[in-house]
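Dear colleague,

Please find the structure below, together with its sequence.

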Amino acid sequence: MIDCLELIGRYCPTDSPLYDVLTGHSRQVATLAVDLSERLVGRGVPVDVDFVYEAAMLHDIGIVRVDAPSIHCHGSEPYIRHGVAGRAILESLGLYRHALVCERHTGAGLTARDIVLQQLPLPHRDMLPVTIEEQVVCYADKFFSKTHVGDTARTVDEARSKLAKFGDETLARFDAMNVLFGAP
């Protein structure tokens, strides 16, 4: 099992506000993602629960490279690139499955079409959660804010409202995950 806090500490000073934001948010997402995964396992769906925990803890590691002062990030990349930045970090460590979770968790996933039409500064490829583990981390992430770490989870309606600005296809992907995982 990976020591996720030690790994995060390699890229983010453990005594910094950013570390508190990153680990606080990640713990919230990991707790929900593991709970949802265990429910699936109870229904006979095979899920690698240990991997889900690790991936949820590391899914936002890329924020250490972005510029988002409201959450204590002072890197050079735009926030939308935190997933690809996280993928690069984790791939450099040989954590390829974890790296894909980083890249594929943004919104309810991004299609190459979304990226091109919205002129996002991202590679022109699909970044959609594919595996059940990728999907559960992506879904759990939608219920917690990095700007208000420690707050209670958003409701499904609140999560949908946050995603609505990204269009009907994004909402449809979220709704499909909601059917699969059930409300938290």
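The model is predicted. The buried residues in question are V49, F51, V52, E54, A55, A56, M57 and L58.

Helix α2 runs from residue 17 to residue 42 and has 26 residues. From its first C-alpha to its last, α2 reaches 38 Å, close to the 38 Å expected at 1.5 Å a residue. After α2 comes G44, which has a positive phi, near 90°.

Helix α7 comprises residues 132-141, and D141 lies in it. Is D141 buried or exposed? D141 counts as buried, because its relative accessibility is 9% and the cut-off for a buried residue is under 20%. Leaving aside residues up to four places away in sequence, D141 touches H25, V29, H59, D60 and H105.

Finally, I turn to empty space within the model. Rolling a probe the size of a water molecule over the atoms shows where such space is left. The count comes to 1 cavity of 30 Å³ or more, and the largest cavity holds about 30 Å³ of space. Its lining consists of I80, G83, V84, E103, T106, L110, L122 and M127. By class, this lining has 5 nonpolar, 2 polar and 1 charged residues.

Yours sincerely

Definitions and conventions
Residues are numbered from 1 along each chain as its sequence is written. This is a predicted model: local features need pLDDT of at least 70, side-chain atom pairs count only at pLDDT 80 or more; totals for chains, interfaces and linings use all residues. Side-chain values use heavy atoms; hydrogens and water are left out. On a 1 Å grid over the protein atoms alone, a cavity is a set of points where a 1.4 Å probe fits but cannot get out, and a pocket is an open set with protein on both sides within 12 Å along at least five of seven lines; lining residues have an atom within 4 Å of a point. Grid points are joined across faces, edges and corners, and a volume is the space filled by probe spheres set on the points. Ala, Val, Leu, Ile, Met, Phe, Trp, Tyr, Cys and Pro count as nonpolar, Asp, Glu, Lys and Arg as charged, and the others, Gly among them, as polar. Helices (H or I, at least four residues) and strands (E, at least two) are DSSP runs, numbered from the N terminus. The expected span of a helix is 1.5 Å times one less than its number of residues. Buried means under 20% relative accessible area, exposed over 50%, partly exposed in between (1.4 Å probe, protein chains only). Contact means heavy atoms within 4.5 Å.
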